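Trainee: I would like to learn how to read sheets and ring pairs in a model. Can we go through one together?
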Amino acid sequence: MTYEIAGTPLPVVTCTLQAGEKMISESGAMSWMSPNMQMETSSNGGIGKAFGRMFSGESMFQNIYTSIGGQGMIAFASSFPGSIIPFQITPGNSIVVQKKGFLASEPGVELSVFFQQRLGSGFFGGEGFIMQKLSGQGMAFVEIDGSVIEYTLGPGQQMIIDTGYLAAMSETCQMTIQRIQGVKNMLFGGEGLFNTVVTGPGKIYLQSMPANNLAQSLIPYLPAARS
């Protein structure tokens with residue numbers, strides 16, 4: 001499989017498959033494809049994994065696309081203005097991503113639910129108690145809200161992140177929450193009550209415009225808000 005990512009601010013990844021090669025996506029992710037691409041809807045791993053995907057923000061069933069009789073082409077478009085990031089998943093190199101971040105992958109990649117080990121990280125950190133884990137072997141494509149900024153954290157090195165800006169991280173990273181110090185800072189600082197603290201080693205991927213932030217910024221301009 002080869003691929004090309006093009007377009008801004010709504011990118012699309014176009015994958016070229018040889019005969020017999022497959023791609024997996026969530027329901028509704030396919031944008032266009034050549035006539036020789038055959039689709040099959042499957043729970044892809046049984047009912048247990050299907051429910052796990054549902055809890056992580058995806059649909060219970062996945063679509064499997066196979067190139068039949070020769071070279072085929074299939075495209076998957078972003079659902080939100082932002083970026084599509086390719087990840088080469090290998091054993092021991094899993095990635096944890098925000099809910100609904102998964103777009104498509106080769107069949108060797110497994111999408112499963114990832115629970116934050118610390119309850120506070122889930123309830124107050126903004127990224128959610130449940131995230132998605134991509135493991136196994138193969139190429140995976142993840143949606144990022146806005147532009148993406150990457151950092152590599154060394155052992156024990158930390159990054160403090162405002163709510164919602166953490167899009168993905170290496171599984172080796174740990175995520176906790178930190179209360180903003182000072183009553184005036186919490187009430188009038190405009191940054192909420194908590195920040196997310198990610199500790200290395202590993203890579204983190206930050207997004208410049210979380211979907212929730214964009215939605216909130218548009219509320220004053222909606223007709224219902226002005227009436």
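**Reading sheets and ring pairs**

Mentor: Let us begin with one residue. At 7% relative accessibility, Tyr205 counts as buried, because buried means under 20%. Keep in mind that this is a predicted model.

Trainee: Which aromatic residue pairs with Tyr205?

Mentor: General idea first. A pair of aromatic rings is described by the distance of the centres and the angle of the planes. Now the case here. Phe87 and Tyr205 form an edge-to-face pair, with 4.9 Å from centre to centre and 85 degrees between the planes. Phe87 lies in strand β8 and Tyr205 in strand β19 (residues 202–207). The two are 118 residues apart, so this pair links distant parts of the chain. Phe87 has 5% relative accessibility, so Phe87 counts as buried.

Trainee: How many aromatic pairs are there by this rule?

Mentor: The count comes to three aromatic pairs. One of them joins Tyr3 and Phe141, and this pair is edge-to-face. Their centres are 5.0 Å apart, and the planes stand at 75 degrees.

Trainee: Why does the pair of Tyr3 and Phe141 tie together separate parts of the sequence?

Mentor: Look at the strands. Tyr3 is in strand β1 (residues 2–6), while Phe141 is in strand β13 (residues 138–145). The pair therefore ties together parts that are 138 residues apart in sequence.

Trainee: Is Tyr3 buried or partly exposed? And is Phe141 buried or exposed?

Mentor: Tyr3 has 35% relative accessibility and counts as partly exposed. Phe141 has 0% and counts as buried.

Trainee: Now the sheets. In what order do the strands of the sheet with β5 run?

Mentor: Read across the sheet, strand by strand. The order is β5-β6-β3-β10-β13-β8. These six strands make an open sheet with antiparallel pairing.

Trainee: Which strands stand at the edges of that sheet, and why is one side of each left without a neighbour?

Mentor: β5 (37–42) and β8 (82–89) are the edge strands. Each has a single partner strand, so one side of each has no neighbour in the sheet. From one strand to the next, the twist averages 20 degrees.

Trainee: Over how many bridges do β5 and β6 pair?

Mentor: β5 pairs with strand β6 (residues 62–67) over six bridges, in the antiparallel sense.

Trainee: What about β3: how many of its residues are buried?

Mentor: In a regular strand the side chains alternate between the two faces of the sheet. As for cover, strand β3 (residues 22–26) has four of its five residues buried. β3 pairs with β6 over five antiparallel bridges. β3 also pairs with strand β10 (residues 102–105), antiparallel again, over two bridges. Ser25 stands opposite Asn63 in β6, and opposite Ala104 in β10.

Trainee: What is the strand order in the sheet that holds β11?

Mentor: The order is β11-β12-β9-β16-β19-β14. This is an open sheet of six strands with antiparallel pairing. β11 (109–115) and β14 (148–153) stand at the edges. Each has a single partner strand, so one side of each lacks a neighbour in the sheet. Neighbouring strands here are turned by 20 degrees against each other on average, direction ignored.

Trainee: Which residue in β12 is the bridge partner of Phe115?

Mentor: In β12, the partner of Phe115 is Ile130. β11 and strand β12 (residues 130–136) pair over seven bridges, in the antiparallel sense.

Key
Residues numbered from 1 in each chain as written. Predicted model: local features only at pLDDT ≥ 70, side-chain atom pairs only at ≥ 80, totals over all residues. Heavy atoms only, no water. Pairing = 2+ DSSP bridges. Axes fitted to C-alpha atoms, helices over the stretch in contact; angles between N-to-C directions. Phe/Tyr/Trp six-rings, centres within 6.5 Å; stacked < 30°, edge-to-face > 60°. Buried < 20%, exposed > 50% of the residue type's maximum accessible area, 1.4 Å probe, protein only.
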